[in-house]
Amino acid sequence: MDFAFDARTEELRERLLAFMDEHVYPAEAVAEEQRAALDSPWDTPPVVEELKAAARERGLWNLFLPDAEYGAGLTNLQYAPLAEITGRSPQLAPTATNCAAPDTGNMEVLAQFGSPEQRERWLRPLLAGEIRSAFAMTEPEVASSDATNIETRIRREGDEYVVTGRKWYISGAMNPNCAVFIVMGKTDPDAEDVRRRQSMVLVPRDTPGVEVRRAMTVYGYEDHWHGGHAEVFFHDVRVPVSNLIGEEGGGFAIAQARLGPGRIHHCMRLIGMAERAIELMCRRANSRVAFGKPLAAQGVVQQWIADARVAVEQLRLLVLKTAWLMDTVGNRGAHTEIQAIKIAVPRTVVDILDRAVQLHGAGGVSQDFPLAELWASARTLQLADGPDEVHQRSLARRELKRFARS
């Protein structure tokens, strides 16, 4: 990437690139071997803790948080090229730098909406990488792409909230270090404004009634690196009213505030995945011979690589524009662009990864290359944080409204 960023961003980029070359890439195979030898597949391989220590020592820690009190104090535009780099090794690099979802979004929520007591109890250890967390929103019985459909109940009884419901694909919940859930549910299911019915509460994992029932697979992968995606039941779980985040009825607004940065962070990392796919394609094409000549000499392979490079450059510009708008006019002002990247980036990166898989033949779908797992991750992001069709619907309505007759 040849963009000229400000001096601080460039310095962090160089430091992060060196960290990836010297520590992260060599640790990928080590982490796989260590994980296979663990008593539980959800335990953290020792090399991950070594990476975290090395990242902190190099000042590559909490880069995602724009609030300088808690994080690196970078703007979205400054963070974009750094997140892209970590996306080249999404299993290790985001966790190593304490920039992995869902902790990033949860830390943002606590920093922005949490009480001083909540920040002290939960945000501080999250910032230190001492615990992990989960965000419990998605439900199997309703279309969770519309947050107003959420059925989990959070009813008040005296000085407590009682949480009852079933959630699934709750990222991070299988990790033994997951200490707390941010749970979204309805505190006032009959409120006239459907966007004021939901609230969020903090639920410690060890609270009686919390049942982490099973890990959900994603295209057959259990995603051990990010603590899995669990099905979780809340059986009349009681927490003090002080565990409410913000105000009653504020859950929908908090969710929207959380999802905006989350969407662009995913897109930043996806570009890194695409860059790694292009690198693997080129290395494979130069090293393999078929029908008497290198794959690199095959016209169709050249077309795949050229199209991939053009697509990545286009996506990067759109993501950087979106980051700049978020910094200058806010998330609301960048709404169209946030939706645009959420539609365009996963879809395009899936296509690039699919070509890379094809170029690698049987190896492309095997565990010997990262492509199959990267493809599954990218394809899932066409559903996560709102499916493509929801964003297309909203974006189209906004465009139509601009040209509607009065």
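**Entry 1: helix α7**

I began with helix α7 and asked how much of it is buried. In this predicted model, 28 of the 37 residues of α7 are buried, so the helix is largely enclosed by the rest of the structure. Buried here means under 20% relative accessible area.

Next I checked the length of α7, which runs over residues 251–287.

**Entry 2: the whole protein**

I then stepped back to the overall fold. I found 11 helices and 10 strands in the protein. The radius of gyration is 22 Å, close to the 22 Å that the globule rule gives for 406 residues, so the protein is as compact as a globular protein of that length. Along its principal axes, the C-alpha trace spans about 75 × 65 × 45 Å. I also noted that 53% of the 406 residues count as buried.

**Entry 3: two annotated stretches**

I looked up what UniProt says about the chain. An unreviewed entry there gives "domain: Acyl-CoA dehydrogenase/oxidase N-terminal" for residues 9–130. In the model this span is 65% helix and 0% strand, and its end C-alpha atoms lie 27 Å apart.

The unreviewed entry also places "domain: Acyl-CoA oxidase/dehydrogenase middle" at residues 134–237. Here I read 0% helix and 50% strand, with 16 Å between the end C-alpha atoms.

Which two residues does a cis peptide bond join? They are alanine 101 and proline 102, with omega at about 0 degrees. I traced proline 102 to the loop between α4 (93–96) and α5 (103–113).

I also looked at positive phi values. Tyrosine 169 is not a glycine, yet its phi is positive at about 55 degrees. This tyrosine 169 sits in strand β3, residues 160–171, and counts as partly exposed because its relative accessibility is 32%, between the cut-offs of 20% and 50%.

Aspartate 385, another residue other than glycine, has a positive phi near 60 degrees. I located aspartate 385 in the loop between α10 (371–380) and α11 (388–402).

**Entry 4: cavities**

How many cavities of 30 Å³ or more does the structure hold? There are two. I followed up the second largest cavity, which has about 40 Å³ of space. Its lining is made up of Lys52, Thr95, Asn98, Cys99, Ala100, Asp103 and Arg132. I sorted this lining into two nonpolar, two polar and three charged residues.

Methods:
Residues are numbered from 1 along each chain as its sequence is written. This is a predicted model: local features need pLDDT of at least 70, side-chain atom pairs count only at pLDDT 80 or more; totals for chains, interfaces and linings use all residues. Side-chain values use heavy atoms; hydrogens and water are left out. On a 1 Å grid over the protein atoms alone, a cavity is a set of points where a 1.4 Å probe fits but cannot get out, and a pocket is an open set with protein on both sides within 12 Å along at least five of seven lines; lining residues have an atom within 4 Å of a point. Grid points are joined across faces, edges and corners, and a volume is the space filled by probe spheres set on the points. Ala, Val, Leu, Ile, Met, Phe, Trp, Tyr, Cys and Pro count as nonpolar, Asp, Glu, Lys and Arg as charged, and the others, Gly among them, as polar. UniProt positions are given in the numbering used here, feature names are shortened, and annotations may be inferred rather than shown by experiment. Helices (H or I, at least four residues) and strands (E, at least two) are DSSP runs, numbered from the N terminus. The expected span of a helix is 1.5 Å times one less than its number of residues. Buried means under 20% relative accessible area, exposed over 50%, partly exposed in between (1.4 Å probe, protein chains only). The radius of gyration is taken over C-alpha atoms; the globule rule is 2.2 Å times the number of residues to the power 0.38.
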